Amino acid sequence: MKVCCIGAGYVGGPTCAVMALKCPDIVITLVDKSSERIAQWNSDKLPIYEPGLDEVVKKCRNVNLFFSTDIETAIKEADLIFISVNTPTKTCGNGKGRAADLKYVESAARMIAEIAQSNKIVVEKSTVPVRAAESIMHILRANQKPGIHYDILSNPEFLAEGTAINDLLNADRVLIGGEETPEGHQAVEKLSWIYEHWIPKQNILTTNTWSSELSKLAANAFLAQRISSINSLSAVCEATGADVSEVARAVGLDSRIGSKFLQASVGFGGSCFQKDILNLIYICENLNLPEVAAYWQQVIDMNEYQKRRFSQKIIESLFNTVSDKRIAILGFAFKKNTGDTRETAAITVCQTLLEEGAALDIYDPKVEPEQIIDDLTHPSVTESPEKVKKAVQIHSDPYSAVRATHALVICTEWDEFVDLDFERIYKSMMKPAYIFDGRKILDHERLQQIGFHVQTIGKKYQRAGLLRSWGIVPQL
Ligand code: NAD
Ligand code: UDX
């Protein structure tokens, strides 16, 4: 069997790499319109950072896994084609700011229709609105050459960045949606056969196409909803003296609720949660289900509130002005173990601080400096890119980032931040020295003993660090 995957991104890359590793009898060609991306996939420095990915790619590349810009040949030769292109939120026109933009999916479908000379199983791997498969089918059938048959399947991807390889190797489930016809069932069987190389058959779930498409949006909406729920309670904790970690533990031990995805934070980021919920909201509005749309809108509103609330807390704690103060930002990626910054909460935090006149010293172990500057000078973030460039310094070392700053802000939960030498950091910072832990990863008691003034999510600390710097030993 020959497989082609259109779109060599965060999903296409790891998915095809693991498929190639587990299916030595299948030849997989990953194509992309970006020649730069393909060149990176063929080089020693892959275009994305994902733990374990380098090893898998090295084992399979040019054996049964190929990266190419020759989209035409790959489509022509393939029996099965994954469409794994980006489906961002629309930025203009109908559904602007909510609907998924399917222009890349559509262009992939048009390429297949134009190039294909034999039967193809076309698999939607991208996250799409419910009934998107109908549009793909429409394009393919309207351009169908005689004697060529197409089957369309939905096979959404559930991997999370930072754990993609493990998620793919040990997927909780693989979901395949197909048409309820004999041909549809056959196509489902063929895709299922690929996954059965490493996923137990009972974990391969087959549904109708629309259930499969909707389940992907639903899964992301549920996950994000849990984070917004715990984040909403973090505000209650800060106002009452409860501790959100204790609340999350107590709640999560109920086996009906479960403990995962209850980590209060500065807010969720990433390319999927917001985009997919907005997509769900748009669908509900179009289906004349305003109450359902409003319900899911709250998940996003709560996330915006959390990001703003944390940013405001920093400003208020620093005597209500950060103008001309230096602030260190540790972590810029939307979560640890990735270099991806799409929708990262760090952008909102930095934007708010920059608007208030702060100078920022930013360190992230995996995000490229150019990416940080691109994100912070984007027209949606600032009207004065030159001013931002002057106010932002990117560092390759956390100790240099914190030197002579008034405050240190943790935006990403990188493991290496836990083990930093905070005595050394304290000595090098301006006093009083503040730490704002947006990820709840540091030992706050210890930091207060050193002399820091600590603020975090979902737990109110007395101004212990400050009191100590005045010679008063507070009761913790
Ligand atoms: P990405 O932006 O990293 O990659 C998409 C790639 O598709 C890009 O390299 C782009 O150049 C290429 N592309 C676009 N149109 C093309 C065309 N017509 N021909 C050839 N190449 C084309 O996106 P991603 O993060 O991999 O996401 C892909 C899809 O998977 C999205 O629908 C997303 O919602 C979904 N998804 C993403 C994740 C994730 O963690 N990133 C997880 C699950 C699902
Ligand atoms: C998510 C889904 O988990 C995955 O199944 C889907 O395929 C793509 O979208 P991803 O966005 O890569 O994956 O990472 P995820 O681990 O879900 O984290 C998303 C955001 O939520 C991150 O910013 C993370 O820091 C935040 N988060 C996660 C919390 O704030 N608290 C939590 O308890 C969990």
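Predicted model: local features only at pLDDT ≥ 70, side-chain atom pairs only at ≥ 80, totals over all residues.
Contact here means heavy atoms within 4.5 Å. Two cavities of 30 Å³ or more are found in a search of the whole structure.

**Packing of α9 and α11**

- In α9, the residues Leu-214, Lys-216, Leu-217, Asn-220, Ala-221, Leu-223, Ala-224 and Ile-227 are in contact with Phe-273, Asp-276, Ile-277, Asn-279, Leu-280 and Ile-283 of α11.
- Classified by type, this contact comprises ten nonpolar, two polar and two charged residues.
- The crossing of α9 past α11 is left-handed.

**The largest cavity**

- The largest cavity holds about 40 Å³ of space.
- Its lining consists of Glu-124, Ser-126, Thr-127, Val-128, Ser-154, Pro-156, Ser-212, Glu-213 and Lys-216.
- Two nonpolar, four polar and three charged residues make up the lining of the largest cavity.

**The second largest cavity**

- The second largest cavity holds about 30 Å³ of space.
- Phe-268, Gly-269, Gly-270, Gln-274, Asn-303, Lys-307 and Glu-343 form its lining.
- By class, that lining has one nonpolar, four polar and two charged residues.
- The second largest cavity lies between domain 2 (217-301) and domain 3 (302-456), because both domains give residues to its lining.

Definitions and conventions. Residues numbered from 1 in each chain as written. Chains lettered and ligands numbered in written order. Heavy atoms only, no water. 1 Å grid on protein atoms, 1.4 Å probe; cavity = no way out; pocket = protein on both sides within 12 Å on 5 of 7 lines; lining within 4 Å. Points joined across faces, edges and corners; volume = space filled by probe spheres on them. Nonpolar A, V, L, I, M, F, W, Y, C, P; charged D, E, K, R; others polar. Domains from an automatic or database assignment. Left-handed = near helix turned anticlockwise from the far one by under 90°. Helix = DSSP H or I, 4+ residues; strand = E, 2+ residues; numbered from the N terminus.
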